[in-house]
Amino acid sequence: MKSIPILLRLQRLLCLLCVLFAGGCDKLPRGVEFVGEWGGKGVGPGQFLYVEDIAFQQGGDILVSDALRADIQVFSPLGEFLASFGGSADNPALLEKPEGLAVDTQGNIWVSDYLSGQIQKYSSNYQHLASYSELGTEPGQTMEAEFMTITPDGRLYLAEAGNSRVSIYGLDGVFQFSFGRAGTLHGEMLRPEAIKQSNKGHIVVSDFGNHRIQVFDAEGKYLRSFGSQGSGRGQLRRPTGLAIDRHDNLYVADSGNDRIVVFDSKGKFSYAFGEQGARQGRFSNLHGLAIDEQGFLYVADTGNHRIQKFRLPTTPPNKEIRSR
């Protein structure tokens with residue numbers, strides 16, 4: 001327990017030495033600060049094979065899904081490995097390819113399974129409680145289930161890549177409705193990846209195949225979209241994970257450009273940081289994002305088999321800085 005803060009202080013010292021003597025740490029926008037990282041490729045405790053999504057338990061511990069390990073690992077906010085659950089086997093309590101994570105107000109943990117089509121429910125101490133849904137294209141079934149979110153009114157919104165739609169369930173597991181279909185028009189989607197609710201109650205979807213963000217009301221009515229295919233300011237290539245801070249700024253994992261792109265509450269480009277690489281502040285094949293109550297951003301840096309943690313600015317710097 002006491003060794004983790006020491007490790008983080010050493011990481012900061014090493015980063016400072018890199019800047020002073022070797023230029024080995026990347027420059028970040030003003031106010032964005034690299035805090036630490038953990039992981040490494042492997043199947044041991046705290047290691048990753050294909051990290052997907054990130055969520056927080058009520059006490060602040062961090063849940064991380066791994067599609068290839070087929071489990072969920074639990075970490076302290078400082079990156080200390082605490083526990084794991086799931087794992088692939090012929091057992092309804094276990095997982096085949098876990099992707100999305102969400103935690104309800106009772107502390108229960110919800111996991112979407114890409115291969116089985118099921119939504120699994122676990123208690124706050126990682127005991128399996130129930131399984132919902134199944135693989136398919138009919139209403140209430142899921143196909144290639146991705147990330148999800150639970151809203152304060154007790155709805156679970158799930159992005160389905162295989163069905164190019166968003167499906168909504170109650171926390172009793174009963175299917176309610178869905179919206180979206182495959183296409184490029186407003187309200188249509190191509191393999192949506194992630195979904196979050198803004199502080200205004202709007203549903204924000206990363207439209208992976210259309211390289212854009214779409215915004216809907218809680219009932220699935222299309223409101224607006226922003227972003228276009230490319231690598232310029234405010235452009236995206238295959239957006240994946242999403243996170244929203246308390247000011248309704250939207251953070252997008254821009255996987256095709258290996259960077260984090262930030263938009264304000266109206267969808268206007270604010271700033272971006274990162275590029276392809278393995279150094280601190282660089283990324284490879286980005287997936288899930290999450291922001292905790294203290295304002296730290298956690299990044300699923302999938303291609304580098306790690307989680308990176310950043311302190312975010314209280315005021316957006318309004319510029320993009322590429323790594324050196």
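Helices (H or I, at least four residues) and strands (E, at least two) are taken here as DSSP runs, numbered from the N terminus. The model is predicted, so that local features need pLDDT of at least 70 and side-chain atom pairs count only at pLDDT 80 or more, while totals for chains, interfaces and linings use all residues. Residues are numbered from 1 along each chain as its sequence is written, and side-chain values use heavy atoms, with hydrogens and water left out.

- Leaving aside neighbours within four places in sequence, E188 is in contact (heavy atoms within 4.5 Å) with R181, A182, G183, D207, N210, R212 and Q214.
- D248 lies in the loop between β18 (239–244) and β19 (250–254), and D248 counts as buried because its relative accessibility is 11%.
- A polar atom of the D248 side chain lies 2.8 Å from the backbone nitrogen of N199, and, not counting residues up to four places away in sequence, D248 touches S198, N199, K200, D264 and S265.

**Strand β8 and its partners**

- Strand β8 (residues 119–122) is covered on both faces, with I119 and K121 buried on one side and Q120 and Y122 buried on the other.
- Strands pair if DSSP finds at least two bridges between them; β8 pairs in the antiparallel sense with β7 (residues 109–113) over four bridges, and four bridges also join β8 to β9 (residues 128–132), again antiparallel.
- Q120 stands opposite V111 in β7 and opposite S131 in β9.
- The hairpin of β7 and β8 has five residues between the strands, and G117 in the turn has a positive phi of about 80 degrees, while in the hairpin of β8 and β9, with five residues between the strands, Y126 takes a positive phi near 75 degrees.

Conventions:
Buried < 20%, exposed > 50% of the residue type's maximum accessible area, 1.4 Å probe, protein only. Polar contact = N/O pair within 3.5 Å; in protein donor to acceptor, adjacent residues only side chain to side chain.
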